[in-house]
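Please look over the chain below before reading on. The paragraphs that follow walk through it part by part.

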Amino acid sequence: MDVSLRDVLACVDAPTEEASLLRHLFGFLDGRPVGLGTVSVRDQIEALRGDHLHLDIILVVRDDFAANDLQDLAFGIQGARDILGQVGIGIGRVRYHEITREQADGAEVITSKREAKRLTRRFRGSSDDAMDVFMVPQYNVTSGGENKAGICAVPTCFKNHYVFNGCVIGFRHNGGPITGPQMPRLLAHELGHGLGRIHRNISGNLMESGGSGTSLTVSQGRGMRRDCFIQDGCSF
Ligand SMILES: [Zn+2]
């Protein structure tokens, strides 16, 4: 493959000085997650050549994160990449932001949908072309007898104008921690909502509520790729 790494890193707006492949090409804040195995630069280059999604990940009160939360998140990003890759959607640039305890004003523990929505109204990531994903230490919302672990709705790509505009995902919920292996499905499911997909009662499907499947139909994939957040492939 005759590709300049400089061009590839430009596609994800990596800094020209001291760019790190794990941090800027793959979006891992804390190195390669334990248990992930190798990651393929070649696969990520292919993904960036096709439709892809940028993320602004907003860490809500990082002081309250458990030691392995950022590793689990990286595991989730790479797993979500595999899941969305089934329908030709890559995960491109991943930027990180932090909200301090003072700024969060209690939002580090989300106890209702209403609080989650409020969080997405109060803050937003730095890039209008990226989907906001708020990671909170604790998401204690129960609905219909089920412990929920996240919520997401992104009605338009104009971050400023709507009341609920992003995903909120917990590292822990009422039922305990979301473990590394659960994070890919959780993240991909919420991003699926962000890309306009509603729940589907199809066994094994990513958008099945409360399920564990990760498959997607052709029409779900087509719908997601048409979403306004999807970036056209970079040419290199
Ligand atoms: Zn859902």
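Where is the place of valine 61? Valine 61 sits in the loop between β1 and α4. Helices here are DSSP runs of H or I with at least four residues, strands are runs of E with at least two, and both are numbered from the N terminus. The model is a predicted one, in which local features need pLDDT of at least 70 and side-chain atom pairs count only at pLDDT 80 or more, while totals for chains, interfaces and linings use all residues. Residues are numbered from 1 along each chain as its sequence is written.

Valine 61 has a positive phi of about 55 degrees, although this residue is not a glycine. Is valine 61 buried or exposed? Valine 61 counts as buried, because it has 21 C-beta neighbours inside 10 Å. The rule is that a residue is buried if 20 or more other C-beta atoms lie within 10 Å of its own, exposed if 12 or fewer, and partly exposed in between, with C-beta atoms placed from the backbone.

Aspartate 64 is in the loop between β1 (52-60) and α4 (69-85). With 17 C-beta neighbours inside 10 Å, aspartate 64 is classed as partly exposed. Apart from neighbours within four places in sequence, aspartate 64 is in contact with Glu108 and Pro137; contact means that the C-beta atoms of two residues, placed from the backbone, lie within 7 Å. Valine 136 is 72 residues from aspartate 64 in sequence, but their C-alpha atoms are 8.8 Å apart in space.

Now take the whole chain. The secondary structure of the protein chain comes to eight helices and eleven strands. For 236 residues, a compact globule would have a radius of gyration near 18 Å, and the 17 Å of the protein chain agrees with this. That radius is taken over C-alpha atoms, and the globule rule is 2.2 Å times the number of residues to the power 0.38. Along the principal axes, the C-alpha atoms fill a box of roughly 55 × 40 × 40 Å. Of the 236 residues, 42% count as buried. Among contacts between residues at least 6 apart in sequence, 74% join residues at least 24 apart.

Next come the strands. β1 pairs with strand β2 (residues 90-99) in the parallel sense over eight bridges; two strands pair if DSSP finds at least two bridges between them. From β1 the chain crosses through α4 to β2, and this β-α-β crossover is right-handed. Right-handed means that, with the strands pointing away from the viewer, the path from the first strand over the helix to the second runs clockwise. The bridge partner of valine 60 in β2 is isoleucine 99. β1 also pairs with β4 in the parallel sense, over six bridges, and histidine 54 stands opposite alanine 130 in β4. β4 in turn runs parallel to β9, with four bridges joining them. Valine 133 has cysteine 167 as its bridge partner in β9. Seven of the seven residues of β4 are buried, so this strand is largely enclosed by the rest of the structure.

Two helices can be compared with their expected spans, which are 1.5 Å times one less than the number of residues. The 17 residues of α4 should span 24 Å, and its end C-alpha atoms are 24 Å apart, which agrees. α4 is mostly covered, with 15 of its 17 residues buried. Helix α7 (residues 183-194) has twelve residues and reaches 16 Å from its first C-alpha to its last, close to the 16 Å expected. Ten of the twelve residues of α7 are buried, so α7 is largely enclosed by the rest of the structure. The elements covering these buried residues include β1, α4, β4 (130-136), β8 (150-153), β9 (166-170) and α8 (218-225). Just after α7, glycine 196 takes a positive phi of about 90 degrees.

In soluble globular proteins, nonpolar side chains tend to be buried together. Which residues touch the most other members of the largest nonpolar core? Of its 62 residues, Val60, Met135 and Val168 do. α4 gives the most to this core, with eight residues. Such a core is a set of buried Ala, Val, Leu, Ile, Met, Phe, Trp, Tyr and Cys residues joined through C-beta atoms within 7 Å. Not counting residues up to four places away in sequence, valine 168 touches residues including Ile110, Leu119, Phe134 and Ile151.
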